[in-house]
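Colleague: Could you take a close look at the aromatic rings in this model, and at the parts of the chain around them?

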Amino acid sequence: MNERIELLKSTIEPLRQEIIHHPVYTQMHDLDDLKVFMHFHSYAVWDFMSLLKTLQNKLTCTNVPWFPTGSADTRFLINEIVTGEESDVDPNGNRKSHFELYQEAMRQCGADTASLETFTATLQQTGKLDAAFQAAQTPIEARDFVDFTFRVIATDKPHVQSAVFTFGREDLIPGMFFAIINDIHHRFPETVSIFKYYLERHIEVDGDHHSHLALQMTANLCGDNNDLWQEAERATIDALRKRIRLWDGVARQLAEQPEVLPQLT
């Protein structure tokens with residue numbers, strides 16, 4: 001593996017561990033807790049695609065007439081990732097983006113989809129993030145997360161965008177979370193099956209194949225330029241801090257939920 005990649009990994013490891021061991025995971029005990037998590041997380045699932053498509057637009061030619069753009073190796077890497085994220089398969093073999101699959105999982109378990117649907121509809125109509133946030137009453141931590149993603153997009157710097165995509169968005173769901181989901185799925189198999197499948201696809205596709213492609217893409221874009229690597233590192237650190245704040249928001253909401261006491265008979 002590229003030495004600069006390993007150095008960057010070492011630098012961000014404390015933040016990565018903070019995310020992996022975030023106390024929010026120990027606060028999730030049942031289906032209602034999972035619904036809160038999905039409400040916040042759905043914004044990150046959505047804006048992930050905007051970051052990904054920005055990279056594709058920047059690193060390949062998406063205009064007509066077509067001309068070769070950039071490195072063919074980098075074109076292959078980003079197009080391979082886009083194919084998997086934008087047109088994967090659901091449990092029944094139907095083609096869906098991971099975002100659409102996540103929405104389906106939310107509907108199956110009864111999580112709130114109205115907020116994100118209002119957000120995307122308003123954004124599509126107005127083109128204004130602030131108006132969409134206000135209409136959807138987006139939680140402040142999710143709003144900050146999406147705002148940061150679009151600031152990264154606005155840098156117009158592919159090496160920064162790739163670093164945030166690679167280190168700030170992949171391989172951050174810990175084994176503890178999978179154990180929680182497996183337990184909830186055991187109790188509610190007809191309610192969490194799609195979300196469990198989504199996570200399994202995340203491990204199989206995003207956490208393995210796509211992460212290797214993304215690492216190589218970042219290494220290609222930064223090359224031997226020390227300034228580019230430093231910019232990539234700063235942006236990655238900021239991205240991980242935004243993820244921690246997003247999880248803080250979930251933890252706050254879970255703590256504010258009234259405790260449901262068992263019925264006496």
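Modeller: Rings of Phe, Tyr and Trp (for Trp, the six-membered ring) count as a pair if their centres lie within 6.5 Å; planes under 30 degrees apart make the pair stacked, over 60 edge-to-face, and the rest tilted. By that rule, ring pairs join Tyr 25, Phe 37, Tyr 102, Phe 177, Phe 195, Tyr 198 and Trp 247 into a cluster.

Two notes on the source come before the details. This is a predicted model, in which local features need pLDDT of at least 70 and side-chain atom pairs count only at pLDDT 80 or more, while totals for chains, interfaces and linings use all residues. Residues are numbered from 1 along each chain as its sequence is written, and side-chain values use heavy atoms, with hydrogens and water left out.

Below, helices (H or I, at least four residues) and strands (E, at least two) are DSSP runs numbered from the N terminus. Buried means under 20% relative accessible area, exposed over 50%, and partly exposed in between, with a 1.4 Å probe and protein chains only.

The structure holds 12 aromatic pairs. One of them, Trp 46 with Phe 150, is stacked, at 5.8 Å centre to centre and 20 degrees between the planes. Trp 46 belongs to helix 2 (residues 31-59) and Phe 150 to helix 7 (residues 140-154), so this pair ties together parts that are 104 residues apart in sequence. Trp 46 counts as buried because its relative accessibility is 14%, whereas Phe 150, with a relative accessible area of 24%, is partly exposed. The pair of Phe 177 and Phe 195 is edge-to-face: 6.3 Å centre to centre, with 80 degrees between the planes. It links distant parts of the chain, since Phe 177 is in helix 9 (residues 175-187) and Phe 195 in helix 10 (residues 189-222), 18 residues apart. Both Phe 177 and Phe 195 are buried.

In soluble globular proteins, nonpolar side chains tend to be buried together.

For individual neighbours, contact means heavy atoms within 4.5 Å. His 39 lies in helix 2 and is buried, given its relative accessible area of 16%. Not counting residues up to four places away in sequence, His 39 touches Met 106, Asp 112, Ser 115 and Pro 139.

The loop between helix 2 and helix 3 holds Thr 62 and Pro 65. A cis peptide bond joins Val 64 and Pro 65, with omega about 5 degrees. Thr 62 counts as partly exposed because its relative accessibility is 42%. With residues up to four places away left out, Thr 62 touches Gln 56 and Asn 57. Its side chain makes a polar contact with that of Asn 57 at 3.4 Å. A polar contact is a pair of N or O atoms within 3.5 Å; within protein, one must be able to donate a hydrogen and the other to accept it, and residues adjacent in sequence count only if both atoms are side-chain atoms.

Two further loops bear on helix 7. Gln 137, in the loop between helix 6 (129-136) and helix 7, has a positive phi of about 50 degrees although it is not a glycine, and it counts as exposed because its relative accessibility is 70%. Asp 156, in the loop between helix 7 and helix 8 (158-168), is also not a glycine and has a positive phi of about 60 degrees; at 47% relative accessibility, Asp 156 counts as partly exposed. Most residues other than glycine have a negative phi, and most peptide bonds are trans.
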